[in-house]
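Here's a quick briefing to read alongside the structure. Take a look at the picture first, and then we'll walk through it topic by topic.

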Amino acid sequence: MALKNEISADGSTLTIFIGIRFDITTYSDFGDAYKSKMDSVSSIFIDMTDCIYVDSSALGMLLIMRERFGGDNANIFITNMSPNVTKIFLTANFDKLFKIKS
Amino acid sequence: MIESSSLHILIVDDDMPSLITLQRFFHNTDHLITVADNGAEALAILKKGPFDLVISDINMPEMDGIQLVQEGLSNFPSLYFILITGESCVHSFEELTKAGALTCLAKPFRRSELLEIVDWVASLKRDRKLTSAESIASTDRKQAVRNEKSLWNRDQRFQAIMNSAIDAIILINSRGYITFWNPAAEVIFGYKSHEIIGKDLHSIIAPQKYHKQYATGFTEFVKSGRGVLIGKTTEVMGLRKDQTEFPAELSLSGFKDQDTWHAAGIIRDISARKQNEKTLLTAHSELERLYQRLNQEYEIAEKVFGKVVRKKEKEEKNIKHFLSAMKDAGGDLFLTASGVPGVRHILLGDFTGHGLSAALGAIPVTSIFYAMAERGYSLKKIASEINNRLKAIMPTGLYFCACMVEWNYKHHIARVLNFGLPVALLVNASGVIKNRIHSQHLPLGILPEIDREFHYEEINLEHGDCIYLFTDGIIETQNTVGDQLGQERLERLLTKSQVPEQRFDDICRSINEFRGDTPQLDDMAIAEIKCDTTVDDHPVEGIESISDDVPAILNLSITLHPGAMRADNFIETLTDLLIGTHVAARKQKQNIFLILSELYSNALEHGILRMDTTLKSEPIGFEKYFITRGEKLAALSTGWIKIDMELLVHNTNGRILLQVEDSGRGFDYQSVQMIQPDINALRGRGVYLVRSLCKEVAIEGAGNKVKAIFEW
């Protein structure tokens, strides 16, 4: 269930692999996954491959991350979302804040 | 050789084997043979009829050969005598010829030597030109002396054979009385030679029930020398001295002596062999029983296999597979399942072994695969779980090679994980191999835990692209000369097919043609997944609505108290419980989870924990909010949240009625406007999402009760 992350070979990209759930219970793990690495990378990828359960706190966490990573200049990609999760993100207009690749 | 006229010859020897041997020397000659086993009997026989020649042993009890010659000649002066001498003979040749013997012959001698002398006697008789015994005696003297030593050896050897034979050798005369009984007969039947010689054979060594049969047969034999048992080897029953019966093999032959028929029997005790045969028969029937049980178990395995692996009634759209098991329950497995809409999970696998062992492995693999795939777990998670379960339950050496595909048929992406199966192939519509997906990992069930970050091949599919999966059995298919099909040949056959729609059938046929009459050596399986960009609706496994007219309704009501509220995966479990295996509901899983989660969070955080939402307005505050939430939750001792749910599924449509009520004092909901929050705002999004998904959301009571209706 735990979140995983990895830095690309050139050190420019951080990828965070979200587990099955992305809700309030993942709050600490999610923060730990990027906080210390944020300064050294130029873009962050959120890989949602395994993710099934998403609620609004996940959206909140993503927004906090965005703010910390440069707000409107933040280069954050959300990838591999299932159609339903994509819809949730679109409902929240997240496509305006993040680069969404389904 | 001088033409011989027939002689009437009397052979006298107290030693029965020697007598038989001598008698046998005259088989197929014109001479008429009579035998006697002592001097007195010989003299009596001589009186009965005219004889030409007497061949007699020297050493005999009561009346020896020399006496016999003397007595015989005094009565029948024209009679010729040949004396047989052995090493123990104390008489010289001269003494013997003086006594009246024509000549003497030292044991051992060949048949031809004896017949030569007999022929000579015959010529003497014919010409009546017998001059004197000495005339030929002198020529034979040297020969006789030379033979002395070896003669004795031959007799001893003959005795040794009779004595050491493991078969009983028994002779009977025409009255059925025993005239010879060798040591083996003593051992087999338990009678000593001296206690049985001269007694009636059949009444002693044949079981009572056969007596009549033997009597009839023997009467016929005495008359004609023929009988059903003569000249053959037959299985009979023998009777020992202790009155136990035993199976025996009897070889019987008849010989004529003094115009009467005698019989010689060789009897072998076959009770040990019979016992062995019985043991073998028992073993055979035991084997037969085991084989049947094995077959039964195969049947069970097949049934188990059939139950865990859902057989597809109809061909699945764009997925084809072919399984050819060696036995009833093969080791190959093909599974497909669907959980997340738009995604299909496909597994082709090959267990080491067949039958029960494969069926045993198939149970966890299948149940894990279906359960996890249908709940929308990713390929990696499923593979990892299968690996861990197999590792835990399967003995070392039993493992599972598999290729798993997560096929997103809406976005035309396939992720392929290959655990020890042959290279999977991506072939485009014009038959060109675009990609080869080699095994990236060890087979499942070997490593105690497989790395969750393992690599998979992600393929972007174009219209008409096909993914082919194969098991070892395909690559290793042998033709009649023992060549293996091999990867290269398989690829050639695959790309040869010009019509994409027929490619799968073509390759199956090509493989069968290659194999010819060669017996199948392994389970064979092959699968095809075809990308069709024109279709985006695929059938989904699971329970469809019960019928067109009767909707499926499910009610769930649950009340949570502080302890239960602290469990953090509660909503996930509740969602699974509610939608169960309803296909139509499962497609809405993420939405249902979201609504439940939001309503529950509101009840918990605001109703029960009375959290200050304004905290969430800033990132720092959000962090504080989270920590406070945890502290309050841990300290919580009173309060409840009641969730009522009703699920109604009708065909592909469905409706969920949710009511979440908490023990809190509510809030002034009238003042809260339900408007879309600023997209950058960190709070207020949950309620908006629920409202945008649901047909109806109503806050009731003091603001501690919310009702939502979600339809699809």
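This is a predicted model: local features need pLDDT of at least 70, side-chain atom pairs count only at pLDDT 80 or more; totals for chains, interfaces and linings use all residues.

As for labels, residues are numbered from 1 along each chain as its sequence is written, and chains are lettered from A and ligands numbered from 1 in the order in which they are written.

**Around Asn28(B)**

- Asn28(B) sits in the loop between α1 (16-25) and β2 of chain B; helices (H or I, at least four residues) and strands (E, at least two) are DSSP runs, numbered from the N terminus.
- Asn28(B) isn't a glycine, yet its phi is positive, at about 65 degrees.
- Strand β2 (residues 32-36) of chain B is largely enclosed by the rest of the structure, because four of its five residues are buried.
- β2(B) runs parallel to strand β1 (residues 8-12) of chain B, and five bridges join them; two strands pair if DSSP finds at least two bridges between them.
- Within that pair, Leu10(B) faces Thr34(B) in β2(B).

**Chain B as a whole**

- Chain B has 22 helices and 25 strands.
- Its 712 residues are 38% buried.
- Among contacts in chain B with a separation of 6 or more, 65% are between residues 24 or more positions apart; two residues are in contact if their C-beta atoms, placed from the backbone, lie within 7 Å.

**A five-stranded sheet in chain B**

- An open, antiparallel sheet of five strands runs in the order β7-β6-β10-β9-β8 (chain B).
- β7 (178-181) and β8 (233-239) of chain B are at the edges with a single partner strand each, so one side of each has no neighbour in the sheet.
- On average, neighbouring strands here are turned by 30 degrees against each other, direction ignored; axes are lines fitted to C-alpha atoms, for helices over the stretch in contact, and angles run from 0 to 180 degrees between N-to-C directions.
- Ten bridges link the antiparallel strands β9 (residues 245-257) and β10 (residues 260-269) of chain B, and Gly254(B) is opposite Ala263(B) in β10(B).
- Ala165(B) is in the loop between α6 (133-164) and β6 (168-172) of chain B, and it counts as partly exposed because it has 15 C-beta neighbours inside 10 Å.
- Leaving out residues up to four places away in sequence, Ala165(B) touches Asn182(B) and Ala184(B).

**Helix α20 and the cores of chain B**

- How many of the 20 residues of α20(B) are buried? The count is 19, which leaves the helix mostly covered.
- The end C-alpha atoms of α20(B) are 27 Å apart, which agrees with the 28 Å that 20 residues should span at 1.5 Å a residue; the expected span of a helix is 1.5 Å times one less than its number of residues.
- The largest nonpolar core has 71 residues, and Ile595(B), Leu596(B), Leu599(B), Tyr600(B) and Ala708(B) touch the most other members. (A nonpolar core is a set of buried Ala, Val, Leu, Ile, Met, Phe, Trp, Tyr and Cys residues joined through C-beta atoms within 7 Å.)
- α20(B) gives the most to this core, with ten residues.
- A second, separate core has 68 residues, including Ile382(B) and Phe419(B).
- Arg610(B), in the loop between α20 and α21 of chain B, has a positive phi of about 50 degrees without being a glycine.
- With 11 C-beta neighbours inside 10 Å, Arg610(B) counts as exposed.

**Where the chains meet**

**A look at chain A**

- β1(A) and β2(A) make a hairpin with five residues between them, and Gly11(A) in the turn has a positive phi of about 80 degrees.
- β2(A) also runs parallel to strand β4 (residues 43-47) of chain A, joined by five bridges.

Conventions. A residue is buried if 20 or more other C-beta atoms lie within 10 Å of its own, exposed if 12 or fewer, and partly exposed in between; C-beta atoms are placed from the backbone.
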